[in-house]
Amino acid sequence: DSFTDIRSHWSEDFSGFSRIFMGQTRSACGDSNSLKVKEAQRRLAEDFNDIILVTTNDLDYIEGASDCHFTFDNGYEKLGDRMFRLVDKEIYGASAYDSTIYTPMIIDAYLITETTLIIETDAVNLYDNGIDVNKFSLSNSGGALINSLSVSDNQIIFNLSQEPDSNVNISYDGLGYGASNNSDELIFNTNTVDGISIVCFNEYPVDTSLESIWSDGEWSKGIPNAQMSAVIDADYNTTALSGNMEAKDLTVESGKTLDFDSGTTNNVIVHGDLTINGTFIIGDNEALVMPNNSSNVTGNITKKEKSTDRNDLYDITYWSSPVISLDAQISNVFPGVNLNRIFYYDQSKSQATAPSEPGYWDVWQLASGDMIAGKGYAAEGIDSSVHSIEFTGVPNNGDISVDVVYQDPGNDFNLIGTPYPS
């Protein structure tokens, strides 16, 4: 509120000003609480769009002089150069500069696995010159420590010693109070002499929900994995380049479509619970894989299956249902197919071992009623073309038991089918 008041008075005194350039101080002059000041400066730049924060964290100060004054060459002069470029671009519209003239700001912090923490910045790229991990610290972590870090694109990736508590925070003081002038220990937005180090921050909250949301064509916290849940909050269409989708839990929101029907061999792998409030389509070549037999499954999928090329109407295709459906009647699953040409195999109906023996063909019984999970069915098609079937229902998961018949080595055939959407 105090800053808002001051800012209001500035507007009165300097009518029409459009930008405020604020330097984020470097720890100095014996102030052990300077990181709190840096955090306040960062938050002002976060809250007000017309404030541009300029770090001084990587500037040299005169050591031994209470650490209160910058040197000229790598201090005041460099700060002046930074300010000049920003003013030239922001006030006078100069086009000769790119985004590397701005201090890289933190925009998010979250876990992508139980022991992998990501800090995301607004920089295009980051460069690590050998930074000491101790310049970052965790609080409320429940004993979790930072083992190592690396940078990739605009992210800083931390490997933790254990899963942190849910209210964990992370801080970064850069060259803190009493530190020597060693900017090689920082992270910059370029690997040139004009590189600018990342902003300092204090107790930035870490999102430990381990959930990434698909929206506006991207994942909110990167590609999900076996330890991170996925929420489909916008239509998602798989491609050959997108590969498998793997998640701890998977939720498809109402009105949204998860479409894995693109002729790829991509799989959707769900290690936990599957909740489908929208539409989930799996193509003939794609599959849903659920390694955990006790996963909870809510909602319906549509699994598309196709026969191989058929020579004529009377060619038989073997089928098995991958779903539990309220509409599993044979006649509904195979519309247009002659119901007298849909069979299941029952070895107990005959002990004949050769076509010439009486009752040899009695093992083929006309199928009726609902399709049974794990049971194989043989059906003709509608015509001589490829036969396509869509199975809609709750996907089967866990152990599926199927009775089989064994009479003797010459009578031990059974027709079973995979009960899963693979």
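In the predicted model, Asn266 counts as buried, because its relative accessibility is 7%, below the 20% under which a residue is taken as buried. Asn266 is placed in the loop that runs between β18 (257–260) and β19 (267–270). Neighbours within four places in sequence aside, the contacts of Asn266 include Thr238, Thr239, Ala240, Ser242, Gly243 and Asn244. Phe260, Glu286 and Ala287 are also among the residues in contact with Asn266. Asp249, by contrast, is 17 residues from Asn266 in sequence, and the C-alpha atoms of Asp249 and Asn266 are 18 Å apart in space.

Asn140 has a positive phi of about 55° although it is not a glycine. Asn140 belongs to the loop between β6 and β7 (146–152), and its relative accessibility of 44% means that it counts as partly exposed. Asp216, likewise a residue other than glycine, has a positive phi near 55°. The loop that holds Asp216 lies between β12 (211–215) and β13 (218–219). Asp216 is exposed, because its relative accessible area is 74%, whereas the cut-off for exposure is over 50%.

At the level of the whole chain, the secondary structure consists of four helices and 30 strands. The radius of gyration is 32 Å, well over the 22 Å given by the globule rule for 422 residues, and the protein chain is therefore more spread out than a compact globule. Along the principal axes, the C-alpha atoms fill a box of roughly 110 × 45 × 40 Å. Of the 422 residues in the protein chain, 43% are buried. When contacts between residues at least 6 apart in sequence are considered, 58% of them join residues at least 24 apart. The protein chain exposes about 21200 Å², of which 46% is supplied by carbon and sulfur atoms. The side chains comprise 22 positive and 63 negative ones, and the centres of these two sets lie 3 Å apart.

Aromatic pairing was examined next. A pair of aromatic rings is described by the distance of the centres and the angle of the planes. The count comes to 16 aromatic pairs. In one of these, the ring centres of Phe136 and Tyr172 are 4.5 Å apart and the planes meet at 20°, so the pair is stacked, planes under 30 degrees apart being the criterion for that class. This pair links distant parts of the chain, since Phe136 is in strand β6 (residues 136–139) and Tyr172 in strand β9 (residues 169–172), 36 residues apart. Both Phe136 and Tyr172 are buried. The rings of Phe201 and Tyr204 have a centre distance of 6.3 Å and planes at 70°, so this pair is edge-to-face, a class that requires planes over 60 degrees apart. Phe201 counts as buried because its relative accessibility is 2%, and Tyr204 counts as buried because its value is 10%. Together with Phe158, the residues Phe136, Tyr172, Phe201 and Tyr204 form one aromatic cluster.

Tyr172 lies in strand β9 and has a relative accessibility of 0%, so it counts as buried. Leaving aside neighbours within four places in sequence, Tyr172 is in contact with Phe136 and Phe201, among others. Further contacts of Tyr172 include Leu35, Asn57, Ile131, Lys135 and Leu186, as well as Ile187, Ile198, Val199 and Cys200. Glu203 is 31 residues from Tyr172 along the chain, and the C-alpha atoms of the two are separated by 8.4 Å.

Ile170 is also found in strand β9. Ile170 counts as buried because its relative accessibility is 0%. Neighbours within four places in sequence aside, the residues in contact with Ile170 include Phe136, Phe158, Phe201 and Tyr204, which are members of the aromatic cluster.

Methods
Residues are numbered from 1 along each chain as its sequence is written. This is a predicted model: local features need pLDDT of at least 70, side-chain atom pairs count only at pLDDT 80 or more; totals for chains, interfaces and linings use all residues. Side-chain values use heavy atoms; hydrogens and water are left out. Helices (H or I, at least four residues) and strands (E, at least two) are DSSP runs, numbered from the N terminus. The radius of gyration is taken over C-alpha atoms; the globule rule is 2.2 Å times the number of residues to the power 0.38. Buried means under 20% relative accessible area, exposed over 50%, partly exposed in between (1.4 Å probe, protein chains only). Contact means heavy atoms within 4.5 Å. Accessible areas come from the Shrake-Rupley method with a 1.4 Å probe; for residues, only the protein chains shown count as cover. Lys and Arg count as positive and Asp and Glu as negative; His and the chain ends are not counted. The place of a charge is taken as NZ of Lys, CZ of Arg, CG of Asp or CD of Glu. Rings of Phe, Tyr and Trp (its six-membered ring) pair if their centres lie within 6.5 Å; planes under 30 degrees apart count as stacked, over 60 as edge-to-face and the rest as tilted.
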